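Today I am opening my notebook on a new structure.

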Protein chains: 4
Amino acid sequence: MEDIDVFRTTSTRTAPDPARIAEFAAHINQSKNPVLVYGGDIARSDGWDEGIALAETVNAPVWNGPFSERISFPENHPLFKDALPAAIGPLSKALQGHDLVVVIGAPVFRYYPWVAGDYLPTGATLLQITDSPYEAAKAVVGDSLVSDSKLAMIELSKLITPRNSQPQPTTKPTSTPEILEDIKYPLTAKQLFAVLSVHVPEDYILVQESPSNIPELSRSRLGTICKPDSYYTMGSGGLGWDMPAAVGLAFAEKWSGRNRPVIVIMGDGSFQYSPQAIWTAVQHGLHITIVVPKNEEYGILKSFALLEETPNVPGLDLPGIDIVSLAKGYGAKAHFADKAEDIQDLFKKALGNNGVTVIEVPIDKHIHALLDD
Amino acid sequence: MEDIDVFRTTSTRTAPDPARIAEFAAHINQSKNPVLVYGGDIARSDGWDEGIALAETVNAPVWNGPFSERISFPENHPLFKDALPAAIGPLSKALQGHDLVVVIGAPVFRYYPWVAGDYLPTGATLLQITDSPYEAAKAVVGDSLVSDSKLAMIELSKLITPRNSQPQPTTKPTSTPEILEDIKYPLTAKQLFAVLSVHVPEDYILVQESPSNIPELSRSRLGTICKPDSYYTMGSGGLGWDMPAAVGLAFAEKWSGRNRPVIVIMGDGSFQYSPQAIWTAVQHGLHITIVVPKNEEYGILKSFALLEETPNVPGLDLPGIDIVSLAKGYGAKAHFADKAEDIQDLFKKALGNNGVTVIEVPIDKHIHALLDD
Amino acid sequence: MEDIDVFRTTSTRTAPDPARIAEFAAHINQSKNPVLVYGGDIARSDGWDEGIALAETVNAPVWNGPFSERISFPENHPLFKDALPAAIGPLSKALQGHDLVVVIGAPVFRYYPWVAGDYLPTGATLLQITDSPYEAAKAVVGDSLVSDSKLAMIELSKLITPRNSQPQPTTKPTSTPEILEDIKYPLTAKQLFAVLSVHVPEDYILVQESPSNIPELSRSRLGTICKPDSYYTMGSGGLGWDMPAAVGLAFAEKWSGRNRPVIVIMGDGSFQYSPQAIWTAVQHGLHITIVVPKNEEYGILKSFALLEETPNVPGLDLPGIDIVSLAKGYGAKAHFADKAEDIQDLFKKALGNNGVTVIEVPIDKHIHALLDD
Amino acid sequence: MEDIDVFRTTSTRTAPDPARIAEFAAHINQSKNPVLVYGGDIARSDGWDEGIALAETVNAPVWNGPFSERISFPENHPLFKDALPAAIGPLSKALQGHDLVVVIGAPVFRYYPWVAGDYLPTGATLLQITDSPYEAAKAVVGDSLVSDSKLAMIELSKLITPRNSQPQPTTKPTSTPEILEDIKYPLTAKQLFAVLSVHVPEDYILVQESPSNIPELSRSRLGTICKPDSYYTMGSGGLGWDMPAAVGLAFAEKWSGRNRPVIVIMGDGSFQYSPQAIWTAVQHGLHITIVVPKNEEYGILKSFALLEETPNVPGLDLPGIDIVSLAKGYGAKAHFADKAEDIQDLFKKALGNNGVTVIEVPIDKHIHALLDD
Ligand SMILES: Cc1ncc(C[n+]2csc(CCOP(=O)(O)OP(=O)(O)O)c2C)c(N)n1
Ligand SMILES: Cc1ncc(C[n+]2csc(CCOP(=O)(O)OP(=O)(O)O)c2C)c(N)n1
Ligand SMILES: Cc1ncc(C[n+]2csc(CCOP(=O)(O)OP(=O)(O)O)c2C)c(N)n1
Ligand SMILES: Cc1ncc(C[n+]2csc(CCOP(=O)(O)OP(=O)(O)O)c2C)c(N)n1
Ligand SMILES: [Mg+2]
Ligand SMILES: [Mg+2]
Ligand SMILES: [Mg+2]
Ligand SMILES: [Mg+2]
């Protein structure tokens with residue numbers, strides 16, 4: 001990249017009001033059983049370490065905000081719980097037992113289907129730290145503080161009395177390797193991610209736009225994010241962002257010399273927003289591996305229709321798309337694979353070699369429940 | 001299509017103010033040498049016949065407005081001239097000799113590159129009839145009347161004194177068959193259109209989004225539009241509209257039982273805006289034939305760079321795209337052809353059979369002048 | 001006024017689509033008992049005579065649209081009824097018995113308080129002619145035709161079969177002179193308007209912004225408008241427009257040489273939006289007579305609170321304003337008068353002499369019902 | 001005032017990014033000859049004392065930002081200079097000799113007439129601290145930091161090396177009492193303010209909207225602001241704000257029990273935007289004293305016309321307005337006074353008694369230069 005003349009600069013971070021942060025710290029210190037919810041601001045503010053430090057000082061479980069576009073806390077940490085469900089009732093149920101919810105760097109909250117319930121567990125209060133005045137204004141509940149997440153956590157940590165109780169053991173559900181023992185074809189998404197997890201490299205970036213498979217991906221080893229700046233997806237659920245985003249991330253890895261491989265899990269429907277991005281990646285010699293779990297449908301919208309009890313929604317099937325042919329049309333290496341070993345081989349090879357590879361994998365068409373029970 | 005409940009209706013046409021139309025008629029009657037410019041409103045108002053009647057009464061040459069999205073007048077009519085150039089100077093030069101310019105159903109005017117000059121030939125005045133208050137307000141020159149084109153032409157015709165002079169012989173330039181005699185490969189666009197013109201059916205719809213080849217297409221038999229509602233392209237030059245538009249037109253032909261084949265000439269760059277439209281067409285069993293003249297570049301932008309004397313514009317090349325593979329990815333029949341006979345055969349077969357066919361044809365990469373001299 | 005260079009013009013009227021107007025005429029011809037509702041477009045399109053001709057051809061009663069900003073039909077005409085009530089239920093009740101409602105030049109409809117009911121009497125249909133695409137789109141019921149009112153009425157009249165039945169006798173309620181026989185002070189608004197009506201000139205312009213007194217004014221001789229272009233008020237109920245509007249009208253009377261006196265009835269609350277307008281009028285030597293019926297309150301908002309059953313609305317009283325002092329502050333002749341003879345004398349003198357005169361008259365503070373029963 | 005339910009709160013201040021504030025501090029420490037420009041943010045952030053502390057640490061002169069809506073620094077402080085001129089060339093001329101301009105809590109910059117010149121003295125750089133991201137983005141020159149002013153100054157002060165050089169003597173020009181020795185009538189604005197300055201109370205709020213007289217007011221004792229939260233005017237030059245603002249301030253003084261008198265200097269033109277505000281003040285028994293220097297014109301616009309060399313601008317005269325009559329119309333005590341002693345007496349009495357008093361004082365109509373030389 002060429003140099004650019006810079007004529008003037010402005011600060012890009014704001015720190016917390018000391019009086020406000022002191023109020024927040026006092027609330028936390030007085031809480032009997034606080035819980036933390038982390039969001040994408042933390043990742044963007046480079047606050048991974050500060051987030052860990054804060055969680056360990058408060059010694060409270062950490063959830064990922066619903067539909068979070070980044071992961072800001074190691075998912076293998078003993079304090080990590082899971083992603084919060086994106087619906088009013090289930091979310092407050094998940095937080096039951098806590099008297100204080102501390103949200104850092106996330107909206108309060110991103111909801112997807114409407115499911116009745118309270119915003120918070122009875123008796124609980126909420127504090128939000130966000131770098132967005134807009135998010136502060138529109139939070140449905142709680143008191144807000146506008147600040148860069150990292151700077152706020154640094155100040156907060158100074159004022160928090162550490163809790164010395166035993167760390168709470170993690171409950172994040174993860175897939176067990178047994179699921180690969182007795183395979184029927186087509187694979188389930190869970191099995192596909194188990195297959196891909198066998199050869200997960202030490203360092204990688206995971207990009208996903210595979211709506212109905214997010215929970216299964218998250219429970220796999222591949223989808224369990226333990227390092228900073230390793231996970232990117234669309235904010236909320238706006239599709240079409242991740243294919244071009246993956247190209248941008250691969251550019252950054254190349255230019256910076258970090259050279260982490262970019263792994264993309266891309267739904268067959270979501271693939272259609274910007275297949276052209278593949279061409280850009282190919283032309284620029286980037287390293288991207290795209291795996292497409294193909295269920296030939298907008299799966300999650302069928303789950304949605306189930307939850308909302310609206311049968312016969314038209315236009316949710318996606319037959320007759322040849323992902324391999326599309327990918328080759330834009331110059332990528334492309335393969336169809338339906339057997340576990342083939343997928344594993346192709347995935348390993350793709351990660352090992354530079355260039356753009358697309359792997360199309362048929363998966364079963366079982367309609368999942370939109371919300372876990 | 002299912003029936004739809006209609007709760008209320010509003011009129012969709014407005015007629016001309018009689019006083020204003022009388023003024024316009026008087027102007028035309030007083031003119032020594034008027035000229036007509038027709039635009040897309042006429043086609044949309046179903047005014048094909050009224051446009052011919054008016055032209056023959058005034059006995060004046062008819063131009064198509066620059067960058068017109070429809071053709072509203074038979075291009076084989078003795079009074080038809082050509083499409084006006086889309087630039088200030090060249091446009092007024094083309095109208096030289098006329099003392100009155102009557103624009104019906106078009107903006108005044110759509111310009112593309114800036115080329116110095118007067119808006120009108122010296123001494124000439126302009127009248128505009130448009131159904132759009134916005135276009136009336138923003139016309140750069142002339143007096144405007146807001147009305148449906150067809151209704152305005154009906155009223156106007158009643159007040160115009162017919163001119164009995166000999167019809168002026170047409171000057172619309174057309175390609176001659178000789179251009180097929182001595183072919184070198186890859187074909188020029190002119191030759192490709194000559195090849196396609198051999199088997200042009202009696203009735204068809206032509207859709208085009210092939211910026212650098214518009215003049216050649218227009219001069220071919222295929223591109224010479226002689227029947228109403230047979231030609232559609234993007235308004236002004238906004239790409240990405242024609243692929244989905246062709247699908248909509250094919251739907252209409254199917255549902256209405258008219259069943260005219262839809263022929264699409266689609267640049268290899270323009271193809272990339274909505275290749276997904278092919279999938280919709282395939283799934284619905286529509287009849288569309290898409291020919292892609294592939295020059296592996298954004299050809300017209302290179303012509304633009306030439307005119308503007310801005311060398312080294314990056315990003316204008318489009319190597320490495322396999323149109324056949326893309327089209328097959330969405331389920332279309334797809335063929336590569338570079339020989340005249342093969343193209344002719346494939347085109348004839350595509351027109352004869354239902355379904356979606358894409359024919360990729362490499363053409364030569366000569367950069368044309370943006371404006372004719 | 002100085003001359004202004006005019007570079008280009010556009011038409012300002014559109015005529016009706018002949019097909020649509022024929023449909024509308026057929027509807028009217030088939031109706032057993034149509035009713036007409038006239039609005040401000042007619043006045044603005046200079047369609048006073050055409051409105052009378054149409055009404056007499058159809059031989060149907062004519063209502064003024066609710067909250068109309070102009071009066072477009074002579075209120076002493078045997079076919080004139082009254083202004084329609086500005087509420088859903090009462091409006092359709094007023095139109096009961098008609099099978100067809102033809103609205104020309106008015107919104108469908110302006111409503112003020114919400115009062116439950118049907119939009120139309122059972123079985124009735126509605127046609128609207130409006131020059132505003134926006135009003136056509138947002139009409140709550142009926143079919144619309146977009147056109148200048150005058151041009152539409154000219155075309156409509158050609159297609160209507162005259163109805164020869166006896167003219168229906170008018171029912172417009174008017175105040176009788178007796179109300180002046182037994183006066184108690186302070187005057188009621190009804191009495192004030194009766195007093196002012198004694199010396200009403202042959203030609204005048206009436207401007208009013210006196211919300212709670214509109215019905216009484218309308219029933220007085222002063223408020224009964226029988227000539228074109230003689231009445232102006234705010235569109236809908238947006239206050240603050242009439243004081244400056246009166247100044248503009250007085251300018252127009254002066255410059256045009258028509259020299260009709262401008263009479264303004266201005267509520268003491270409404271007076272406060274733009275008292276500065278008086279200064280402009282004084283400085284330009286205009287002829288305006290402003291009568292302020294002073295009830296020391298936002299009277300109509302108290303009526304509104306009554307209807308809505310919301311007692312104790314604060315801020316509806318306006319004590320301690322000296323209108324005479326304000327008017328003098330801006331250079332007008334100004335008088336306080338509470339006795340019938342004094343008011344009459346001052347009003348007569350003000351109309352006789354050029355210049356700006358403000359007459360402040362205390363009236364009684366009885367809270368009217370917002371809607372007549 | 002009644003209590004209000006508060007459901008949620010958000011922080012209203014943001015603190016500076018520590019890294020950015022350190023950069024700013026380093027710049028200041030390295031500067032040879034810095035200058036400070038203070039704006040309204042400081043007053044709003046309650047940073048009066050911090051502003052003094054910072055100025056004394058840096059030991060640099062303090063200017064008030066051009067067209068500042070508040071005064072944030074004691075104008076009798078030895079480091080106070082003056083208000084900066086609101087024009088490009090004159091502003092940078094005023095700052096000549098400084099190598100660093102530190103703007104805190106103000107736009108960079110508010111300009112009124114366009115006068116050619118550099119944004120900054122040659123070789124100088126600029127730092128801005130503002131609580132408005134919008135102002136940070138639109139500053140014409142310099143580097144910006146977004147933060148509450150008070151919090152930023154607290155942090156900055158910790159990092160600044162105090163400069164021990166002798167304080168620079170103030171140069172703020174002030175009117176001398178001699179100007180009252182030899183009075184001709186009508187008074188000049190300078191004399192009027194000198195008259196009013198004789199009995200200036202210990203504590204008061206000054207509100208002004210008297211465009212052409214701002215410099216003279218500022219140089220008088222009345223207009224020399226030495227205490228926090230004592231001065232309010234329109235931001236930039238948008239008229240019509242100060243009359244209602246004075247009412248709001250008087251409410252606040254009453255409710256808070258501070259009971260400082262509110263003194264308003266209101267141009268005869270500016271008075272016309274919201275004379276109705278007087279009524280509100282009267283009805284609520286507030287204590288406001290409004291002095292109207294009446295030159296019967298939009299004086300400053302005549303100065304503007306002079307500077308721009310555009311003679312014969314129409315509509316700049318304001319004859320025939322009786323301010324006393326207007327004020328009485330809304331229930332205020334109101335007096336005309338043209339003699340020094342009368343003005344002094346009336347002013348003293350008005351300040352001593354509760355209630356609203358308006359004093360109309362004719363002043364001479366000399367057209368000032370828009371910018372001092
Ligand atoms: C921009 C945008 N358009 C439409 C949607 C609605 N939407 C949500 S999920 C989805 C389908 C996703 O299909 P696919 O990628 O195949 O994932 P699957 O649900 O089958 O796992 C759509 C269309 C959206 N979220 N964003
Ligand atoms: C929506 C939109 N984006 C971009 C452009 C700019 N543009 C004009 S022509 C063109 C390239 C067209 O390429 P192709 O379809 O291959 O036609 P060719 O010029 O090669 O004949 C582009 C990108 C446009 N007109 N509209
Ligand atoms: C611009 C605007 N502001 C406020 C209102 C609400 N409003 C309707 S009537 C009214 C008071 C009118 O008072 P006055 O002129 O004294 O008439 P009265 O009702 O006493 O006859 C107000 C404030 C409005 N209609 N328009
Ligand atoms: C809202 C608004 N309208 C118009 C103006 C333009 N303007 C600037 S000063 C001025 C006249 C001020 O007259 P006056 O209060 O008598 O002060 P003087 O200049 O005579 O001292 C006007 C109209 C403005 N600044 N703001
Ligand atoms: Mg899918
Ligand atoms: Mg091309
Ligand atoms: Mg009133
Ligand atoms: Mg003045």
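Is A:Asp148 buried or exposed, going by its relative accessibility? I looked it up in this model, which is a predicted one. A:Asp148 has 7% relative accessibility, and since buried means under 20%, it counts as buried.

**Entry 1: the partner of A:Asp148.** Next I checked what this side chain pairs with. I found a salt bridge between A:Asp148 and A:Arg13, with the closest N and O atoms 3.2 Å apart. A:Asp148 sits in the loop between strand S7 (143–146) and helix H6 (149–159) of chain A, while A:Arg13 is in the segment before strand S1 (14–16), so the pair ties together parts that are 135 residues apart in sequence. A:Arg13 has a relative accessible area of 22%, and I noted it as partly exposed.

**Entry 2: a pair in chain B.** Here I looked at B:Lys150 and B:Asp46, whose side chains meet in a salt bridge at 3.9 Å, N to O. This pair also links distant parts of its chain: B:Lys150 belongs to helix H6 (residues 149–159), B:Asp46 to the loop between helix H2 (40–44) and helix H3 (48–58), and they are 104 residues apart. B:Lys150 is buried, at 18% relative accessible area, whereas B:Asp46 is partly exposed, at 49%.

Entry 3: Back in chain A, a network of salt bridges links A:Asp41, A:Arg44, A:Glu69 and A:Arg110. How many salt bridges are there over all chains? I wrote down 72.

**Entry 4: a metal site.** Which residues coordinate the magnesium ion (ligand 7)? I listed C:Asp268 (OD), C:Asn295 (OD1) and C:Glu297 (O), at 2.1 to 2.2 Å. Along the chain, these donors follow the spacing D-x26-N-x1-E. I also saw that C:Asn295 and C:Glu297 are both buried.

**Entry 5: how the chains relate.** I superposed chain C on chain B: a rotation of 179° with 0.0 Å of shift along its axis does it, with an RMSD of 0.1 Å. That is the relation of a two-fold axis. In chain C, the residue that comes closest to the rotation axis is C:Ala15, with its C-alpha at 2.3 Å. The same surface serves both copies, as 100% of the contact residues of chain C recur in chain B.

Finally, I looked for pairs that do not touch. No contact joins chain A and chain C, whose closest C-alpha atoms are 30 Å apart. Chain B and chain D do not touch either, with their nearest C-alpha atoms 30 Å apart.

Methods
Residues are numbered from 1 along each chain as its sequence is written. Chains are lettered from A and ligands numbered from 1 in the order in which they are written. This is a predicted model: local features need pLDDT of at least 70, side-chain atom pairs count only at pLDDT 80 or more; totals for chains, interfaces and linings use all residues. Side-chain values use heavy atoms; hydrogens and water are left out. Donors are N, O and S atoms within 2.8 Å of the metal (3.2 Å for Na, K and Ca); water is not among the atoms, so sites may look incomplete. Buried means under 20% relative accessible area, exposed over 50%, partly exposed in between (1.4 Å probe, protein chains only). Contact means heavy atoms within 4.5 Å. Copies are superposed by least squares on the C-alpha atoms of residues with pLDDT of at least 70 in both. A salt bridge is a side-chain nitrogen of Lys or Arg within 4 Å of a carboxyl oxygen of Asp or Glu. Helices (H or I, at least four residues) and strands (E, at least two) are DSSP runs, numbered from the N terminus.
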